[in-house]
Amino acid sequence: MRCPYCGNDDTQVKDSRPTEDSGAIRRRRVCNGCGGRFTTFERVQLRDLTVVKKSGRKVPFDREKLAKSVYTALRKRSVETERTERMISGIVRQLESLGDVEVTSDQIGEYVMDGLKGLDDVAFVRFASVYKNFSAADDFRDFLAELANGQGTMRDDE
């Protein structure tokens, strides 16, 4: 494993343990070059997924890109990392179990919306503002009114 600090390939595993949901192995590593410490996660990948973007372009599914968008929505929120990782792993499992190697970006967005709704209300609204492309304060008001009326995550095509 390459060190994220200095790029050295000579790193050593100091500790390994399963994550709380046993969906991954968490490894603490140390770089033999610079002494930097970092954590890696090893997960099972059932199949290679392809994401079909709204433009029709196809790109390989990237779990890290999904995680980055979730953690951006959760920035400065007090949600445990373990709960967030469980949610992300659940989304990936749902996508892999669809039975198709191609998934749409809309499907991913809906799964993330559902996951964040149960995790943190503020992160849910933050993600929705980007996913649904809010352009004005009225968009936020309308979305929050829909939530208050129990309509949940209305899709753009409804």
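What follows describes a sheet in this predicted model and the nonpolar core. Local features need pLDDT of at least 70 and side-chain atom pairs pLDDT 80 or more, whereas totals for chains, interfaces and linings use all residues. Residues are numbered from 1 along each chain as its sequence is written, and side-chain values use heavy atoms, without hydrogens or water.

The sheet is open and has three strands in the order 5-4-6, with mixed pairing. Strands (E, at least two residues) and helices (H or I, at least four) are DSSP runs numbered from the N terminus, and two strands pair if DSSP finds at least two bridges between them. Strand 5 (58-60) and strand 6 (102-104) each have a single partner strand and stand at the edges, so one side of each lacks a neighbour in the sheet. From one strand to the next the twist averages 35°. Strand 4 (residues 50-52) pairs with strand 5 in the antiparallel sense over three bridges; Val52 has Lys58 of strand 5 as its bridge partner.

Helix 3 packs on the sheet, where it touches strand 4 and strand 6. Its direction makes about 65° with that of strand 6 (axes are lines fitted to C-alpha atoms, for helices over the stretch in contact; angles run from 0 to 180 degrees between N-to-C directions).

The largest nonpolar core has 29 residues. Such a core is a set of buried (under 20% relative accessible area, 1.4 Å probe, protein chains only) Ala, Val, Leu, Ile, Met, Phe, Trp, Tyr and Cys residues joined through side-chain atoms within 4.5 Å. Phe61, Leu66, Val70, Ile108, Val112 and Leu116 touch the most other members. Helix 1 (63-73), helix 2 (81-96), helix 3 (105-119) and helix 4 (121-131) each supply at least two residues of this core, and helix 4 gives the most, with six. Beyond its neighbours within four places in sequence, Phe61 is in contact (heavy atoms within 4.5 Å) with Leu49, Thr50, Val51, Leu66, Val92, Leu95 and Ile108.

Note on methods
Buried means under 20% relative accessible area, exposed over 50%, partly exposed in between (1.4 Å probe, protein chains only).
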